[in-house]
Amino acid sequence: MASRDGASARRGGLMARAPLAAEIEALPEADRLDDYPHPRETRALYGQEGPQSVFAEGLAGGRMHHAWLLCGPAGIGKATLAYQVAKAALAQSDERDLFGQGLAIEPDCRTDRMVRALSHPSLFVIRRTYDTKTKRFSQFIPVDEVRKLKGFLALSAGEEGRRVVIVDSADELNQNAANALLKSLEEPPGRTIFLLVTSAPGRLLTTIRSRCRVINMPALADGDLKRAAAQALTTVGKAIPEAHEWESLAALAGGSVGRALVLLGGGGLALQARIDQILGALPKLDLRAVHALSDELQPLAQDRKFQLFMELLQASLGRLISAAATGQGAARDVELGRRLIGPERLATFAELWETLARDKADTVALNLDRKSLILGTFARLEAASRG
């Protein structure tokens, strides 16, 4: 089997277009969350039976569109589905799970192993790159990564005659990269499937969206969220949260298993409690609590925690604004929104929400002082809540 794999790899030009599996494992991956299984390694996909059926029927009937746009919130299984489709499309007939359904193939078969190792000669993945010198990921997918696609598409297809291209995520393409990808979408080679993953389809070129069949994937229901999170946690030997923690976790996760795992690993529940305490004390600002929080999140080593804090703060502010405007939401949000915002200050707080998003983006992009951002944000919230 090993020699057969090696021969197939050489015929497909593998060595010219992809690093060795050992090199892949040694480098960080922009689309991997901590030590949890990567989407290509995830066995079960929960809550996406409808999208799975669409692809299964297309593959079985030989009526596959050449380009697909997998849309939906981050962390709900879009990339996992893309890799499931890739495995099913590239699997040989004797690898398909005759007792399974949909996109299932035999676990740990040759195609499954090669896709998990990113060594399949008929699979090409486009994503943000890691700079070994700066020890950082590129902010966007550069055009050079997409230009490599031309060489891949020039190769002969694999044994089953299909090729698969995964772009994860498509909204991270820079302008030149997007234009380069568009050329391949406009004149696709036969039996090539493009799977574009995105959480922000509005950022894509209209011409790219128009050439794709759109699959809208929903946020996970609570039961599917729990099952997906439990699968990831048990795989890496981490404890599953107690029942009393799930309610708070599910409310903050918003149907995203990726977000749930980040919240668990980044101390999200504790961060949210601190945000709630500071916001709940307004219009009096607890300066001691704000300074302690900003000091803790200032170091670059706390980047992930800082990012999580800013997401939670903006989401909290958004819920208060919505509750103040509609009178609907969690009882605490309705009460606090009415007290701090009310109808007379809705415009002011909506502008603050937009300012926070803009200031956070500038701080990250320009590596500005994080403590100043946090202190300034809460100072503005204090002033607005006083009217």
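Mentor: Ala243 counts as exposed because its relative accessible area is 65%; the cut-offs are under 20% for buried, over 50% for exposed and partly exposed in between, with a 1.4 Å probe and protein chains only. Before going on, the ground rules: this is a predicted model, where local features need pLDDT of at least 70 and side-chain atom pairs count only at pLDDT 80 or more, while totals for chains, interfaces and linings use all residues. Residues are numbered from 1 along each chain as its sequence is written, and side-chain values use heavy atoms, with hydrogens and water left out.

Back to the alanine. Ala243 sits in helix H11, which covers residues 243-253; helices here are DSSP runs of H or I with at least four residues, strands are E runs of at least two, and both are numbered from the N terminus. From Ala243 to Arg113 you go 130 residues in sequence and 36 Å in space, C-alpha to C-alpha.

For a picture at the other end of the accessibility scale, take Ile341. Its relative accessibility is 1%, so Ile341 counts as buried, even though it lies in a loop, the one between helix H16 (331-340) and helix H17 (346-366). Skipping neighbours within four places in sequence, Ile341 is in contact with Leu320, Ile321, Ala324, Leu336, Leu346 and Phe349, where contact means heavy atoms within 4.5 Å.

Phe349 leads us to the largest nonpolar core, which has 46 residues, and Phe349 is among those with the most contacts inside it, along with Leu279, Phe309, Phe378 and Leu381. Such a core is a set of buried Ala, Val, Leu, Ile, Met, Phe, Trp, Tyr and Cys residues joined through side-chain atoms within 4.5 Å. Helix H15 (residues 303-326) supplies the largest share of this core, 10 residues. Leu381, leaving out residues up to four places away, touches Leu279, Leu282, Leu317, Phe349 and Leu352. There's also a second, separate core of 28 residues, with Ala82, Val85, Val164 and Ile166 among them.

Pro283 belongs to the loop between helix H13 (268-281) and helix H14 (287-297). Another cis bond links Asp168 to Ser169, this time with omega about 0 degrees, and Ser169 is in the loop between strand S5 (163-168) and helix H8 (175-186).

On the phi side, Asp34 is positive at about 50 degrees without being a glycine; at 37% relative accessible area, Asp34 is partly exposed. Leu118 also has a positive phi, near 55 degrees, but Leu118 is buried, at 11%.

Finally, zoom out. The chain has 18 helices and 7 strands, and 45% of its 387 residues count as buried.
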